[in-house]
Amino acid sequence: MNIVALATPYGVGAISIIRLSGTDALDIAKKICGDLTPRMAHLRDLKDKFGNILDEAIVIYFKAPFSFTGEDVVEFQTHGGVVVANLIIDEILSHGARIANPGEFSKRALLNGKIDLAKAESIQGLINARSEGAAKILARVMSGELALFCDNLRDELISALAYSETCIDYADDDLPADIMDQIKQKLEQISSKLDNIVSISNSKKGLIDGYKVAIIGTPNVGKSSILNSLLNYERAIISDTPGTTRDTIEEQIKIGTHLVRIIDTAGIRHSDHDIENIGIEYSKRAANNADIIICVFDSSRVANSEDMEILNFVNSLNKKVIFVLNKSDLEFKFDLKLDAILLSAKDNSNALKSSIQEYLNSQDTNEIMLSSNRQIKACEDAKSAIDRALELLDESVLELFAYEINIAIKEIGSITKPLQNSEILDKMFSNFCLGK
């Protein structure tokens with residue numbers, strides 16, 4: 001089946017790119033613009049079946065298997081605009097193609113052996129990258145760095161499995177006395193490598209998904225003022241009345257090279273109002289889900305019991321916490337000793353923004369990372385299987401040991417190789433862009 005989709009966003013722009021893939025892609029393109037030479041840019045009039053000119057465009061033909069999908073692919077670089085693009089897509093559809101499903105081009109590339117599963121996921125991640133660091137990590141995955149890591153682990157596991165099978169088959173023969181120790185040492189190293197990559201990937205997920213920053217504090221410490229200052233416009237309502245903010249407010253802001261989601265929360269305190277209490281629960285949930293917490297106190301008053309509760313709460317979360325003493329333009333009265341940023345949000349929040357940027361920059365890494373929750377889960381399951389195998393090895397239960405190693409090999413392989421289940425692949429690629 002031939003598929004077609006717009007590979008660029010809908011809207012007004014200089015060009016739109018329409019991608020057509022399938023066994024009849026060249027024949028369909030010929031009906032619209034004439035003969036095409038592979039890998040040459042042709043400036044052609046695109047015509048409908050009645051000979052009416054739809055647009056003048058650049059057309060490039062990629063002959064199978066030397067294309068992204070591994071099939072014949074034709075790309076039409078038309079003038080930008082929804083109307084023009086739709087006219088051309090409608091004409092292609094009239095010749096037997098259908099609209100591609102989300103991610104279907106990448107899925108075909110995977111099934112045709114043009115890319116592996118890790119590369120497919122990194123392509124989508126690169127499109128949605130939230131920082132320059134994420135783009136660099138995903139580019140390394142696309143270059144095959146993660147695939148090489150997985151292939152090496154898989155080879156080592158197969159080697160350990162082969163040793164164990166030898167011990168099972170030749171149990172009565174003289175085998176090297178230290179063979180079991182060699183297998184154990186190899187598996188412990190693999191388990192450590194998996195634990196390390198999972199730990200790095202979990203701790204630095206914000207590089208891929210984007211960091212969440214929650215502003216936490218009691219009412220009237222200036223949380224909304226800090227949000228407005230960071231955004232450089234009046235996003236949140238500011239009032240001296242406690243409890244003005246009763247729901248979380250989320251906005252995106254670019255800090256350095258990172259795209260960050262800032263979350264302003266309701267003031268956390270003891271309240272008799274049901275609606276405010278719901279907002280307070282939302283605030284605590286936002287803090288639990290955040291990568292960074294900005295904990296704000298009012299420097300113009302003495303700390304009270306609610307301040308202490310906030311302090312104990314954020315310290316219990318095991319998160320990166322940036323303490324802020326706001327309202328520094330007023331007389332200083334705060335009496336808790338904190339390593340905090342002194343700030344007057346009504347003037348500027350430059351010191352806070354610099355502190356956030358410094359932390360985000362420190363999270364950049366050149367180490368191999370897993371780029372999706374699916375990959376992390378596969379490595380966790382592989383490590384669990386290896387750890388179970390090590391216990392069985394100590395007990396010399398080699399048949400069950402081999403079973404667990406096979407599970408680990410399967411999990412590692414699933415990171416780069418497609419699962420033989422079309423429903424699972426459909427679900428994975430459904431989150432991709434339509435033209436990807």
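Author: A quick word on terms: helices (H or I, at least four residues) and strands (E, at least two) are DSSP runs, numbered from the N terminus. Counted that way, this predicted model has 15 helices and 12 strands. Of the protein's 436 residues, 47% count as buried.

Now for the part you asked about. The largest nonpolar core has 35 residues. Inside that core, the residues with the most contacts are Leu146, Leu157, Leu187, Leu194, Ile386, Phe401 and Ile405. Helix 6 (145-169), helix 7 (179-203), helix 13 (373-394) and helix 14 (398-414) each supply at least two residues of this core, and helix 13 gives the most to it, with 10 residues.

Let's zoom in on Leu157. Setting aside neighbours within four places in sequence, Leu157 is in contact with Leu187, Ile190, Ile386, Ile405, Ala408, Ile409 and Ile412. Apart from this core lies another, of 31 residues, and among them are Ile226, Ile249, Ile292 and Ile322.

Strand 2 runs antiparallel to strand 1 (residues 3-6), joined by 4 bridges, with Val4 partnering Leu20. Strand 2 also runs antiparallel to strand 5 (residues 73-79), through 7 bridges, and there Ile17 stands opposite Gln77.

Zooming back out, take contacts between residues at least 6 apart in sequence: 66% of them join residues at least 24 apart.

Methods
Residues numbered from 1 in each chain as written. Predicted model: local features only at pLDDT ≥ 70, side-chain atom pairs only at ≥ 80, totals over all residues. Heavy atoms only, no water. Buried < 20%, exposed > 50% of the residue type's maximum accessible area, 1.4 Å probe, protein only. Contact = heavy atoms within 4.5 Å. Pairing = 2+ DSSP bridges. Core = buried A, V, L, I, M, F, W, Y, C linked by side-chain atoms within 4.5 Å.
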